[in-house]
Amino acid sequence: EYMILKYDALFQKNKIKLGAEIARNSKVRANRMYLEQAVNNYMMNAFQHTAQGNKIQIRLEKEDGSVRLGVYNEGSAIEDGDEELIWESFYISDTQERQQQKIKNAGLGLYMVKKIMELHQGMCGAENREGGVEFWMRLPLKKDA
């Protein structure tokens with residue numbers, strides 16, 4: 001919820017619709033700074049790949065003894081062959097290189113998410129969905145949650 005509030009003005013300024021579904025009592029034991037960095041990287045990645053008027057949807061839910069965060073953005077699918085490569089350090093797809101982006105991309109954001117999830121015994125991934133892409137991360141549910 002904090003991260004959604006943090007970026008609300010940016011999304012509104014760029015006419016990007018932001019939706020959220022947050023499950024209550026979804027607590028994990030994690031380093032707050034690292035977890036915020038991982039969520040920030042997903043949100044900024046979604047922002048960079050979402051055109052004005054399109055939508056970003058954030059969903060936090062309990063699922064099989066874990067908490068799953070999904071960040072979906074309307075936009076182009078991940079190209080065939082890039083599914084595993086996007087998690088490597090300094091990787092930028094050919095499509096991104098051809099585009100003249102306003103925001104410079106070092107190719108470290110998703111790599112950092114992967115490392116942060118590994119440090120917390122979590123998992124992460126990305127899936128092409130109808131009309132866009134969903135990036136997700138999963139962490140073990142805090143025992144008393």
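A pocket here is an open set of points on a 1 Å grid over the protein atoms alone, with protein on both sides within 12 Å along at least five of seven lines; its volume is the space filled by probe spheres (1.4 Å probe) set on the points. This is a predicted model, in which local features need pLDDT of at least 70 and side-chain atom pairs count only at pLDDT 80 or more, while totals for chains, interfaces and linings use all residues. Residues are numbered from 1 along each chain, and side-chain values use heavy atoms, without hydrogens and water.

**Exercise 1.** Describe the lining of the second largest pocket.

*Step 1.* Lining residues have an atom within 4 Å of a point. There are 24 of them, and Glu 1, Ser 26, Leu 35, Val 39 and Leu 60 are the closest to the centre.

*Step 2.* Now look for the elements, which are DSSP runs (helices of at least four residues, strands of at least two). Helix H2 (32-48) is among those that give two or more residues; H2 provides the largest share, five residues.

*Step 3.* Sort by class: 16 residues are nonpolar, two polar and six charged.

**Exercise 2.** Work out the order of the strands in the open sheet, and find its edges.

*Step 1.* Strands pair if DSSP finds at least two bridges between them. The five strands follow the order E1-E2-E3-E5-E4, with mixed pairing.

*Step 2.* Strand E1 (17-22) and strand E4 (123-129) each have a single partner strand, so one side of each is left without a neighbour in the sheet.

*Step 3.* Val 67, for example, has Leu 139 in E5 as its bridge partner.

**Exercise 3.** Describe how H2 and H4 pack.

*Step 1.* Their angle is about 145°, and their axes are 9 Å apart. Axes are lines fitted to C-alpha atoms over the stretch in contact, and angles run from 0 to 180 degrees between N-to-C directions.

*Step 2.* Contact means heavy atoms within 4.5 Å. Among the residues making it are Tyr 34 and Leu 35 of H2, with Leu 110 and Val 113 of H4.

*Step 3.* By class, the contact has ten nonpolar, three polar and no charged residues.

Technical notes: Nonpolar A, V, L, I, M, F, W, Y, C, P; charged D, E, K, R; others polar.
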